[in-house]
Amino acid sequence: MTTDTSNHKEEQHQFSAEVERLMDLVVHALYSEREIFLRELIANSADATDRRRFEALTNEACALPATPQLRINIDKDARLLTISDDGIGMSKEEIMQNLGTIARSGTRAFEKELKDAKPEDRPNLIGQFGVGFYSAFMVADKVEVISRRAGTDEAWSWVSEGKGQYTLTQATRDTAGTTIILHIKSDADEYLESMRLENIIRKWADHIAWPIVIKQGEEEERNANEGTALWRKPRSEITDEQMDDFYRHITHLFDKPLATLLWHAEGVFEFTSLLFIPGMISPFAPVDQERKSKVRLHVRRMFITDEAEMLPAWLRFIQGIVDTEDLPLNVSREMLQNTPVLARIRKALTNRVISELQKLSEDKEKYGTFWNLFGAILKEGLWENGEHSESILKLSRFYSSTEEGLTTLPDYVSRMKDGQEAIYFLAGDSKEILSSSPQLEGFKAQGIEVLLFTDAVDAFWPDRVGKFSDKPLRSITQAKEDLEKLMGDVEYVNNEEEENLLKSLKEVLTDKVSEVRTTQRLVDSPVILAASAGGPDLQMQRLMRRNDKTMPSASPVLELNPNHPWIKSLVLKAKDGKDISEEASILLDLARVQDGEMPIDPTLFARRIATVLTGK
Ligand SMILES: Nc1ncnc2c1ncn2[C@@H]1O[C@H](COP(=O)(O)OP(=O)(O)OP(=O)(O)O)[C@@H](O)[C@H]1O
């Protein structure tokens, strides 16, 4: 492979300012770990080869050579380290785009993470921010890239010393692919030693499915990776370190997995899967809107796609790979959607993951960590209310009004009181708001446990699922009759003066509440909101309104505690024919605030309170 620049004009280009800053960061912050440049370049070459194989499915002009390889060549005298692949290559525009600008803008985020990360975690940040290529400048004072896009005849050479600018020249390359030539720095001799490079490859790139061959001077070419994909080995032959490295490689995370599942399925259909429950949430999760499983599908070790949705969306926190023998290498997109083989693998995987979670749940501490990270996602499966609902319900953990820490539904059921027919819950924004909510007062007084639902999805799934072990799930904001029943028939009849207050309040709040009534469920609080008869749970309505401001809502019921001194004084005020409209508004706003909602008009609310406190 030669660079023929004699007949071609050189073009000078400036790096974007972000690239320069990043290069500087990468080169300096990671200097002590500079061997990872090789991992990054090999990963890029392997990705490029995967992409070419995939593109060849629909475009014959991109077909791979018979034995695609990643080649590493060492020329000690010239101090050159060359990494060359048969990958997809880059056009001139792609070179400028990929090696001159930053795809994922985030220099500042990168800088911050680098500063916060422990030194041993820093190398993994590189992959995460997509700045791997620039790590070449840790060991090279000049880098040349010669690339020819598959399906084209044109090759381009990119050359840079990593300082502000690069040059582009038209070049020649016999076949499609990319060659990267590193002019090794004077203090980086070690990277001109084949043994050293082989060690790095064994450490970082052993799982790369494409053969990596290494050649030094006149020496024989040697295979540097075992070419056995890690997941194909028995667990006993994989060290924990290799496993953790592989986890970081495919997840782009920088911790250790919470749980690892290596499964060689044999029988009717054969596949291997290596799945991880991450120990952290990806920093990109909040911007990653795609609610889909990204588990990678391989066929006979070759990467095919990460869009085959190998697991249901509610297991999308699981990462890893599935490798099967039962599909052709040139599997088409359509096939990915329709083939019964994949449907069966998906089903088997889902069942296996669920049983793995059941196992994990025996370790209370670990499962607690898992639950805090991913419980909310898992519960989305309840909303689907499919065949796995029962299992997910058993795997679910909840806070409770009476128990320390997290509890389970079976445990709740075992604690249910005589005569208690339903499983009661209260949904809201946080455990703190919920555990001191006046909504609980009546149930507490009756010694009834209430589960505290704190995830947004909790406002929705109970309606879908309906019951657990034949016990209906019921929000206490909809449980007026239940509570009355539990309290026995101590029916409270309003006196005429109380009726009068209720009527006046209803007149003032006419368009904001559906009803004003007294309640016996409050002990210490004067007022509370309840769902209107047959209406949806209050938290569900709140969440829907937060999403869509124009959402019409069912007006709630305002319930008063007739035994509370403030309500008693209002009864008298109304009896004397005095204006109670200010108090009416305050009552409603207080009830809203208790549930973690805003007053209808916060400023007016503040003013009203100030006025009342001033005694005017
Ligand atoms: N050998 C190669 N063949 C083809 N394209 C390449 C090659 N090396 C790099 N590129 C292109 O340059 C881009 C930038 O590479 P870089 O290593 O900086 O980041 P990345 O690969 O996108 O991110 P990450 O390091 O997280 O994988 C790649 O996305 C790819 O498009």
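I count two residues as in contact if their C-beta atoms, placed from the backbone, lie within 7 Å.

I number residues from 1 along each chain as its sequence is written. The model is predicted, so I take local features at pLDDT of at least 70 and side-chain atom pairs only at pLDDT 80 or more, while totals for chains, interfaces and linings use all residues.

**Confidence.** I read pLDDT as the predictor's confidence in each residue, from 0 to 100. The protein has a mean pLDDT of 88, with 94% of its residues at 70 or more. In residues 1–5 the pLDDT is below 50, and I find 14 contacts in the model for this stretch beyond near neighbours in sequence. For the complex, the predictor gives an ipTM of 0.97 and a pTM of 0.70.

**Overall counts.** I take helices (H or I, at least four residues) and strands (E, at least two) as DSSP runs numbered from the N terminus. I find 22 helices and 22 strands in the protein. I call a residue buried if 20 or more other C-beta atoms lie within 10 Å of its own, exposed if 12 or fewer, and partly exposed in between, with C-beta atoms placed from the backbone. Of the protein's 616 residues, 38% count as buried.

**Helix H19.** I looked up H19, residues 538–547, and its buried residues are Leu538, Gln539, Met540 and Arg542. These pack against strand S16 (423–427) and strand S21 (527–530).

**Helix H1.** I list Val19, Leu22, Met23, Leu25 and Val26 as the buried residues of H1. Seen down the axis of H1, they fall within an arc of 165° and so line one face of the helix; the arc is that of the directions from the helix axis to the C-beta atoms. On the face turned away from the buried side of H1, I note the exposed residues Ala17 and His28.

**Cores.** I define a nonpolar core as a set of buried Ala, Val, Leu, Ile, Met, Phe, Trp, Tyr and Cys residues joined through C-beta atoms within 7 Å. The largest has 59 residues, and Ile318, Val322, Tyr424, Phe425, Leu426, Val450 and Leu451 have the most contacts inside it. This core draws at least three residues from each of domain 2 (230–373) and domain 3 (397–491); the domain bounds come from an automatic or database domain assignment. Leaving out residues up to four places away in sequence, I find Ile318 touching Leu275, Phe276, Ile277, Val295, Leu311 and Val353. Apart from this core lies another, of 53 residues, including Met23, Leu30, Ile83 and Ile95.
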